[in-house]
Amino acid sequence: MKFPGSVLISLVLFMSETAAALCLSASYRHAGDHTWQTLTLIFALAPCALVQLSLVFIHRDVSRDRPLVLLLHLLQLGPLVRCVEALYIYFRAERVEEPYVSITKKRQMPKDGYSEEIEKEVGQAEGKLRTHRSAFSRASVIQAFLGSAPQLTLQLYICILQQEVTVARSIFMVLSLLSIVYGALRCNILAIKIKYDDYDIRVKPAAYLCIFMWRSFEIATRVAVLVLFGSVLRIWVFLIVLLNFLGFFFYPWVIFWLSKSPFPENIEKELSRVGTTIVLCLLTFLYAGINMFCWSAAQVELSDPDLISKSQNWYRMTVYYIVRLMENAFLLLLWYIYRTDFYLYVCAPMLFLQLLIGYCMGIFFMLVFYQFCHPCKKLFSSSITEALLSCFNILYFICQHHKSTLLKGKVAMKSPENTDEAQGSSKTIDSQNRSMHQSVSSNA
């Protein structure tokens with residue numbers, strides 16, 4: 001039985017970030033910055049409430065007679081209680097022999113084209129620990145992208161406005177960045193386990209390292225680009241954020257309506273149709289929040305029973321990163337044009353280049369992960385490099401087709417003039433021939 005290390009890491013990040021947010025908001029109150037105090041508290045407490053709801057929903061505490069646990073969740077102490085419960089189950093399971101076990105069948109990764117099926121006994125304690133790991137994985141994703149990501153953006157923006165980086169604020173930003181990267185890492189692992197549920201998956205340390213580097217570069221550069229753009233064009237950044245968020249929020253719903261699939265009813269038996277709709281809206285809300293800052297490894301598909309697409313769509317990923325790189329470059333270009341006097345002491349071209357290179361480094365580690373370190377790369381029908389080459393070939397074909405249509409249009413526009421000139425020249429030649437014939441006949 002594995003030690004619940006992911007549960008402990010999630011708890012440490014959650015508690016430390018919440019404590020740092022409360023301390024920082026108190027310092028803002030002492031300094032008289034009530035606006036920054038209010039926003040810091042909102043970005044700290046709102047995701048805490050959503051984390052409690054997710055833990056209660058996954059463990060189904062509402063249908064169980066556990067009033068003390070529900071009270072602790074209302075007091076925002078749910079993660080602490082869940083972690084203590086997980087550790088108690090882990091240490092107690094080694095001393096007590098369980099009378100009831102269940103047998104699960106998993107396939108091993110294919111070797112030489114063959115995949116063996118293995119049976120494994122799973123006790124009640126291990127099943128409960130799996131539930132705890134799954135719940136904390138989802139809670140870490142919610143905390144990362146609905147709390148830590150807006151919090152990091154806000155604190156970095158305050159640093160630029162006040163032209164000061166305090167110790168408390170820098171510690172808080174480091175904790176927020178670690179929380180976002182860890183949440184993105186858990187989202188990647190969670191998506192892999194859902195897509196390849198039939199296989200026994202073992203993630204190697206090299207895969208964790210690649211995901212960590214990939215998400216660190218991608219998220220840090222994205223936050224920096226949004227903050228720099230917002231520091232010079234404050235109103236327009238709200239339009240950019242709103243368009244991004246609404247686009248990603250309605251995208252799963254549009255795909256669901258176009259597929260004409262029945263409304264999902266098997267999410268939770270005790271939920272009504274209204275409750276199911278609220279849960280789906282919260283899920284797409286989280287999906288939009290993730291895609292605001294990085295590529296969501298778990299693609300929401302409302303027509304699927306698991307609500308997550310199990311197909312590996314390389315083209316969608318390629319289009320996302322191409323469009324996001326172009327968007328970041330465009331926002332940085334606008335920042336470079338409209339930058340204020342504060343940036344006179346900053347080498348703006350070098351910062352522009354560093355941020356673009358940082359985002360490209362994130363893409364590089366992503367390619368390394370999917371090409372070499374993915375635990376299920378043997379199950380891919382095609383590698384990501386082949387998909388990228390085919391996508392670039394399609395783009396090249398579209399560009400060449402567009403150029404050929406433009407050339408044909410230019411030739412078609414010039415052809416009437418050429419025919420007129422040709423007719424005029426033929427007429428002059430005929431008149432010259434007639435005059436020569438008349439002169440010859442007169443001489444004869």
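Biologist: Where is the place of Glu 327?

Modeller: Glu 327 sits in helix α10. Keep in mind that this is a predicted model.

Biologist: Okay, is Glu 327 buried or exposed?

Modeller: Buried, because its relative accessible area is 16% and the cut-off for buried is under 20%.

Biologist: And which residues is Glu 327 in contact with, leaving aside neighbours within four places in sequence?

Modeller: Arg 222, Ile 240 and Asn 244.

Biologist: At what angle do α8 and α10 pack?

Modeller: About 170°, and their axes are 13 Å apart. Angles over 145 degrees count as roughly antiparallel, so that is what α8 is to α10.

Biologist: Which residues make the contact?

Modeller: From α8 you get Ile 240, Asn 244, Phe 248 and Tyr 251, while α10 brings Arg 316, Tyr 320, Arg 324, Glu 327 and Leu 331. They split into five nonpolar, one polar and three charged.

Biologist: Switching topic: in the largest nonpolar core, which residues touch the most other members?

Modeller: Phe 145, Leu 228, Ile 290, Leu 332 and Trp 335, out of 60 residues in that core. Elements giving two or more residues to this core include α1, α7 and α10.

Biologist: Which element gives the largest share of this core?

Modeller: That's α5, with 14 residues.

Biologist: What about Leu 332, what is it in contact with beyond four places in sequence?

Modeller: Leu 332 contacts Val 225, Leu 228, Phe 352, Leu 355 and Leu 356.

Conventions. Residues are numbered from 1 along each chain as its sequence is written. This is a predicted model: local features need pLDDT of at least 70, side-chain atom pairs count only at pLDDT 80 or more; totals for chains, interfaces and linings use all residues. Side-chain values use heavy atoms; hydrogens and water are left out. Axes are lines fitted to C-alpha atoms, for helices over the stretch in contact, and angles run from 0 to 180 degrees between N-to-C directions. Helices (H or I, at least four residues) and strands (E, at least two) are DSSP runs, numbered from the N terminus. Angles under 35 degrees count as roughly parallel, over 145 as roughly antiparallel, 65 to 115 as roughly perpendicular and the rest as oblique. Contact means heavy atoms within 4.5 Å. Ala, Val, Leu, Ile, Met, Phe, Trp, Tyr, Cys and Pro count as nonpolar, Asp, Glu, Lys and Arg as charged, and the others, Gly among them, as polar. Buried means under 20% relative accessible area, exposed over 50%, partly exposed in between (1.4 Å probe, protein chains only). A nonpolar core is a set of buried Ala, Val, Leu, Ile, Met, Phe, Trp, Tyr and Cys residues joined through side-chain atoms within 4.5 Å.
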